[in-house]
Amino acid sequence: YRSSTSEYSHNKLINQLNGVEQDAFLNQLATFRLLTKNLEEVTEETKINFVSSDAFEEPRPENYDVVLMNPPYLRNDNQVVPIKQEKKTHMLESIEEIKGEESWVRKANQPNLYFYFVDWSRHYLRSEGKSGLILYRKFVKNQDAQYVREFLKDDLIAIVTYPRGFFDEFRTTTCIALTEKDSDRDTAKFIRISDKKLLEEPDKIR
């Protein structure tokens with residue numbers, strides 16, 4: 001964001017952000033990319049509050065107005081890179097300690113890795129806080145994802161889909177689920193973007 005006013009300076013906006021990424025290299029890359037959005041304003045006062053850590057190790061209940069998440073995807077029955085039982089237990093215990101109740105993930109026969117992150121994401125938000133979650137597009141009607149839909153439905157604002165070739169290097173087809181915590185909405189919008197250029201002009205989408 002470029003602005004000559006101190007109210008919306010690059011440094012002030014960056015200082016309001018927090019990020020968690022377990023991969024140290026990707027964490028450094030995100031930090032670098034954020035800095036280079038406006039190198040002219042980078043000073044000794046510039047702070048990047050991104051940490052390389054396991055998100056489930058650091059609960060931050062109701063700390064944020066907005067959460068953006070691109071969770072990892074991995075099938076529960078993946079034989080090449082299986083989700084280890086100790087990892088599942090660790091994530092579920094973290095979720096259930098925060099919620100004070102059993103996680104809906106336990107109901108799924110073959111929970112994908114992203115299920116745990118979706119459940120975890122809500123605890124970050126203050127009431128009326130919003131989230132943008134990049135999810136498998138097929139979660140909308142896939143039987144395996146029924147519990148994800150049930151979890152999101154009361155908070156769901158919109159599901160945004162975009163051209164299949166938007167992320168050329170990935171085979172997975174995704175969408176963006178937009179939510180508002182404790183929302184009183186009883187309907188959600190489905191938005192299909194066919195022109196890639198629109199993704200660079202969010203005001204038009206709005």
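Select α4 (113-121). Helices here are DSSP runs of H or I, at least four residues, and strands are E runs of at least two, numbered from the N terminus. Leu 113, Tyr 114, Phe 115, Tyr 116, Phe 117, Val 118, Asp 119, Trp 120 and Ser 121 are buried. Buried means under 20% relative accessible area, with a 1.4 Å probe and protein chains only. That is nine of nine residues in α4.

This is a predicted model: local features need pLDDT of at least 70, side-chain atom pairs count only at pLDDT 80 or more, and totals for chains, interfaces and linings use all residues. Residues are numbered from 1 along each chain as its sequence is written, and side-chain values use heavy atoms, without hydrogens and water.

Next, show what covers α4. The cover of its buried residues includes β3, α3, β4 and α5.

Now colour the largest nonpolar core, 34 residues. Such a core is a set of buried Ala, Val, Leu, Ile, Met, Phe, Trp, Tyr and Cys residues joined through side-chain atoms within 4.5 Å. Tyr 114, Val 118, Phe 139 and Val 148 have the most contacts inside it. α4 gives the most to this core, seven residues.

Centre on Phe 139. Beyond residues up to four places away in sequence, Phe 139 touches Tyr 114, Ala 145, Val 148, Arg 149, Leu 152, Ile 159 and Cys 175. Contact means heavy atoms within 4.5 Å.

Last stop: Lys 181, in the loop between β6 (174-180) and β7 (189-192). Is Lys 181 buried or exposed? Lys 181 counts as buried because its relative accessibility is 7%. A polar atom of its side chain lies 3.5 Å from the backbone oxygen of Arg 122.

Terms used:
Buried < 20%, exposed > 50% of the residue type's maximum accessible area, 1.4 Å probe, protein only. Polar contact = N/O pair within 3.5 Å; in protein donor to acceptor, adjacent residues only side chain to side chain.
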